[in-house]
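Please examine the sequence and the model shown below. The briefing that follows is arranged by topic.

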Amino acid sequence: MKITSISFRRVRTLALFMFVMIGPLLGVAGAYQPPGGGAPQSPAAQPAATPAMPPSPSMPADSNEIRITGIGGKGSTSWSIVVLLTLLTLIPSLLLCMTPFARLLVVFHFLRQALGLQTTPTNQTLIGLALVLTFFLMQPVGSTIYQTSVLPLQSGQISALEALDRGSVPVRKFMLHYVREKDVALFIELSKQPRPRNTDDLSLRVVAPAYVLSELRVGFQIGTVLFLPFLVIDMVVASISTSVGMLQLPPVVISTPLKLLLFVMVDGWNLVIGSLMRSFN
């Protein structure tokens, strides 16, 4: 009797499982009808053909759409995608080489090291602050590029290559305003180009690296000046702690709060950023 009851339970469980698993599949198979199967419908049962809809009028062109004309005529959409993707990949390099971003970031890192802080402010904070100030400084240049190259390109008056040439003129003028003559002469010599008659004959191949070199030099100069007052505080604290016999206590533990107190009292961020902004006027 026990064997019979156990076998019956197993059979009942197996049947229930088969019903649960195969039942929905059978229902779907029964509801499905192939496209050519079944009895042919009578002509009366067939639905009437719907009248053809008139073609909808073409949508007006978006005023914010950018169309690249002058490169291959038709099929401008594919060229637009290629140009935009290329510009997106070059944006970081352009940001570093042709804007004040490098000088600002170098000065901020020098300031953090002078204060004796390793991670405050964080790298993301310093990069974000440098980006905001870069956009603030480059806004007149960007407005000029938009008026002289982007708007004529959108209206189809010039080609993409002409727009690129027009857009490079304000950027080159901005870089030439802050580049050193010594750095320009160095890269002219390295590129083996003839001596230019004036600044208009200089190409971006020479101006861009010379500008980066000049910005790094200025950034290191400003960072060195920022280091001096905090270095004096470190030396004074180290000499006092050594003279009183506080050899077990590192001088940095005492000097860091003093440097932060001095920086906050003189409103250091306002002074540093104000001086940096005035250095570009």
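What volume does the largest pocket have? The largest pocket has a volume of about 1,500 Å³. This is a predicted model, in which local features need pLDDT of at least 70 and side-chain atom pairs count only at pLDDT 80 or more, while totals for chains, interfaces and linings use all residues. Residues are numbered from 1 along each chain as its sequence is written, and side-chain values use heavy atoms, with hydrogens and water left out.

**Pockets**

- On a 1 Å grid over the protein atoms alone, a pocket is an open set of points where a 1.4 Å probe fits, with protein on both sides within 12 Å along at least five of seven lines; lining residues have an atom within 4 Å of a point.
- Grid points are joined across faces, edges and corners, and a volume is the space filled by probe spheres set on the points.
- The lining of the largest pocket consists of 35 residues, and Leu87, Ile91, Leu94, Ile145 and Leu164 lie nearest its centre.
- The elements giving two or more residues to this lining are α2 (76-97), α4 and α5; helices are DSSP runs (H or I, at least four residues) numbered from the N terminus.
- By class, the lining of the largest pocket has 26 nonpolar, 9 polar and no charged residues; Ala, Val, Leu, Ile, Met, Phe, Trp, Tyr, Cys and Pro count as nonpolar, Asp, Glu, Lys and Arg as charged, and the others, Gly among them, as polar.
- The second largest pocket has a volume of about 300 Å³, and its lining divides into 7 nonpolar, 2 polar and 4 charged residues.
- α6 gives the most to the lining of the second largest pocket, with 4 residues.

**Helix α5**

- Lys173 is placed in helix α5 (residues 160-178).
- Lys173 counts as exposed because its relative accessibility is 58%; exposed means over 50% relative accessible area, buried under 20% and partly exposed in between (1.4 Å probe, protein chains only).
- Among the buried residues of α5 are Ala160, Phe174 and Tyr178.
- Lys173 and Asp200 are 27 residues apart in sequence, and their C-alpha atoms are 8.8 Å apart in space.

**Loops**

- Thr120 and Pro121 are joined by a cis peptide bond, with omega about -5 degrees; Pro121 is found in the loop between α3 and α4.
- Lys192 is a residue other than glycine with a positive phi, near 60 degrees, and Lys192 is exposed, with a relative accessible area of 74%.
- Asp267, in the loop between α8 and α9, has a positive phi near 55 degrees.
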